[in-house]
Each structure stands twice: as C-alpha cells, then as structure tokens.
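Work through the exercises below with the structure on screen. Try each task before you read its solution.

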Amino acid sequence: MLYLTDPEGLDEVLGDQPAYRADQLREWLYHTPVLTVDEMTNLPKELRDAIREDLWPFTVDVTQTADRGRTIKWLFRCTDGSQIESVLMGYSNRTTLCISSQVGCAMGCTFCATGQFGFDRHLDAGEIVAQVAYANAYLAANPIPRSPERVTNVVFMGMGEPLANYDNTIESIRRMTDVMGMSARSITVSTVGFVPGMRKLIDERWPVYLAVSLHSTIPSERTKLVPINARYPIDDVIAAASDYYAAKGRRISLEWTLIAGENDSELEAEGLARIARQIHAHINVIALNPTPLSTDKPPDRDHVNRFIATLKRHGANVTLRDTRGQDIDAACGQLRLRAESS
Ligand code: SAH
Ligand code: SF4
C-alpha cells in the first residue's frame, strides 16, 4: 500500500530499483497524482504491474455530485471494509476538500450522523492524506469549471475527531505541507473541543487554522449535545482556543450547528457573541442537516436570520455557512448511514 508507507520509506519498498524511481513515485503520489498506475508513464511496465493494486488504500463505493457538479462526494471503502467520506467543493477562488480522520467517532454528539454510528477505528495518516491525493487526481481528470484544478484548502470536517487521532492527523498535515507543498494556512483542523489535542497542537510547527465546534455556551446544555463537554468543559476549551490564537496568530473559528429549540435562543446568541469577542474569533453558523437517527430539525429561515442578527448586534463576526450538497447527504457521516440502511 503506497500511501500507507511514509513517503521517505518508499525507497525501501522499491528494493533494488534505481534510487531515482522512489523520487518518480513520490512525485506521482504527492505532486501530480493520477487515478491509475498506468498513467505513471515514466515507470517501467514491470514496476507498474507490481504496484497496480497498491495505489489507493481504498476503493470508491459511491460518487455523488450536487450543486450542478460543483460539489462531489465520495464514499470510500478501505481495505478492511470500513467506509469513510470526503466532500469536494469548488468555489471561484478555491477548491476545498473536507476529509475524514476516523471511521466513526467516539464523541457521540447527538445531532451528528458519525457520532450516532459510534467509533470504529482511527485512520492511518496515509488514509487521511490519500483522500487529498485522490481528489487531486480526480480534479486533474475532471476539473470543476471556474475553480482551481487542485485542492487549495483542506478542512478536517468529515468523519471523526481529528485531535483524538492526534499522531495520524499531525503526520497527515506534515505530508500535506512538507511533501505536497500545501501551506499550513490552507488547512483547518476542526475539533469538538478535545482539549489535550488542542494544547499539543500549540507546540507544533504548523500554524493551521483551528475551528472549535461549540454548539452551546450553557454547560449543561452543551453536555446534552456534545457529551465530551462533561470531560473537557467549555471554559477549558475556550482557554485552549485563546492560547492557540495567542501562540499562532491564527483567528479561531467557532462552529455552531443551529438546532431548533436546542441552541437557537437569544441567550445562546448573546453568550456566543461574548465568547467570540473575548477571543477574537469568527463564528460560522450552519443550520442542522437532519440525520436519520434523530428527530432534531433546523430552525426556519427567519429564526436563523434572527440568530445571526443578534450575533451581529452584539459585535460578532459571523458567516452563515451554506449547506452544500444537502441533497447528497453531505453532512458528516450521512452518506454511509444512507448506504447502510438501503
Ligand atoms: N469532530 C470534529 C470534526 C468533524 S465534524 C468536530 O466536531 O468539529 C465537523 C462539523 O460538522 C462540526 O462542526 C459538527 O458540529 C458539524 N456537524 C455534524 N453533524 C452535523 C449536522 N447533522 N448538521 C450540520 N452540521 C453538522
Ligand atoms: Fe464526532 Fe465531530 Fe460528529 Fe461530534 S460532531 S460526533 S466530534 S464527528
């Protein structure tokens, strides 16, 4: 499995091939990825035959497109049968890939399809970075019109809690930056508030952006939506986010999934605006994408607009995120649930 070997270890895998072969292979895997080994035209046929089955650490179970071809979602099947998802979104100035870091998630957030599934296993760094390489290979063959033909931004907002799979997440970031040449500024790690991981990230050399999924400012309410709040309370999460901002100079984003009757009150909006001002954060609000295993609903549009208006009135910087690919179950973990129940 080529992506499951660290890039510097490829020389060993290739055995008695000339040394430049590993450079050529690294180039194909990380710089100009292609969908099939046969497109690696400068490798001899025998070598291509030998590695043909080893290129991707997964196969593609489902490819779905939405938003007139500008959103593409893959359900990948890893070699052990586990399924993971990635979503590619083309914009005019960037092409963003949302990637998974675990199969399932142990954090159990009630509104999240991945959380409802439970935890299965961590992804290897190679399985994480291969999602980016696959999207690049796909884009080279099928560019999204008027969008960059490479992944320009990566967000860890697919399945899993990246900071609970810390070493693999960090190794995947090392490969994206040091090996693939992406800028740390184009990578966003999204965390539910896994404080030990947030603290460790402060000491890493990559100034990636950090998104913190808050969802409630009232401790007892937050614990209901985000059970890990009982272990890592909101005040510790905010302190860690504030320290990250101080150390890295990267503005924190606070993520807020709006759920009707749960976290859409004026009181919550005021509390959220206060925290955002205090730590100079930007707020991203997204209306809930309903999941099959929960009766939670998003608020209606007027209510969403009122929540946003309250945040603004209290001096917060806020963006209402579009729910890209809703018709293809693009929220975290939903495509897999659909595939399993059909
Ligand atoms: N575990 C990390 C990253 C993956 S979840 C985290 O929680 O931040 C990425 C984002 O998707 C989180 O902000 C999460 O709250 C949001 N999300 C999960 N399920 C959702 C749903 N059904 N509708 C809208 N957003 C959802
Ligand atoms: Fe895990 Fe994030 Fe889903 Fe919570 S929202 S269950 S932390 S993937």
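Axes here are lines fitted to C-alpha atoms, for helices over the stretch in contact, and angles run from 0 to 180 degrees between N-to-C directions. The model is predicted.

**Exercise 1.** Find how α5 and α6 pack, and classify their angle.

*Solution.* 
1. Locate helix α5 at residues 125–141 and helix α6 at residues 166–179.
2. Their axes lie 8 Å apart, at an angle of about 40°.
3. Angles under 35 degrees count as roughly parallel, and 65 to 115 as roughly perpendicular. α5 and α6 are therefore oblique to each other.
4. The crossing of α5 past α6 is right-handed.

**Exercise 2.** State which residues of α5 and α6 meet, then sort the contact by class.

*Solution.* 
1. α5 brings A125, G126, I128, V129 and V132.
2. From α6 come N168, T169, E171, S172, R175 and M176.
3. By class, the contact of α5 with α6 holds five nonpolar, four polar and two charged residues.

**Exercise 3.** Describe the shell around ligand 2.

*Solution.* 
1. Nine residues surround ligand 2.
2. The closest are C105, C109, C112, G115 and V192.
3. By class, the shell has six nonpolar, three polar and no charged residues.

Key:
Residues are numbered from 1 along each chain as its sequence is written. Chains are lettered from A and ligands numbered from 1 in the order in which they are written. This is a predicted model: local features need pLDDT of at least 70, side-chain atom pairs count only at pLDDT 80 or more; totals for chains, interfaces and linings use all residues. Side-chain values use heavy atoms; hydrogens and water are left out. Helices (H or I, at least four residues) and strands (E, at least two) are DSSP runs, numbered from the N terminus. Angles under 35 degrees count as roughly parallel, over 145 as roughly antiparallel, 65 to 115 as roughly perpendicular and the rest as oblique. A crossing is left-handed if the near helix is turned anticlockwise from the far one by less than a right angle, and right-handed if clockwise. Contact means heavy atoms within 4.5 Å. Ala, Val, Leu, Ile, Met, Phe, Trp, Tyr, Cys and Pro count as nonpolar, Asp, Glu, Lys and Arg as charged, and the others, Gly among them, as polar. A residue is near a molecule or strand if one of its heavy atoms lies within 4 Å of it.
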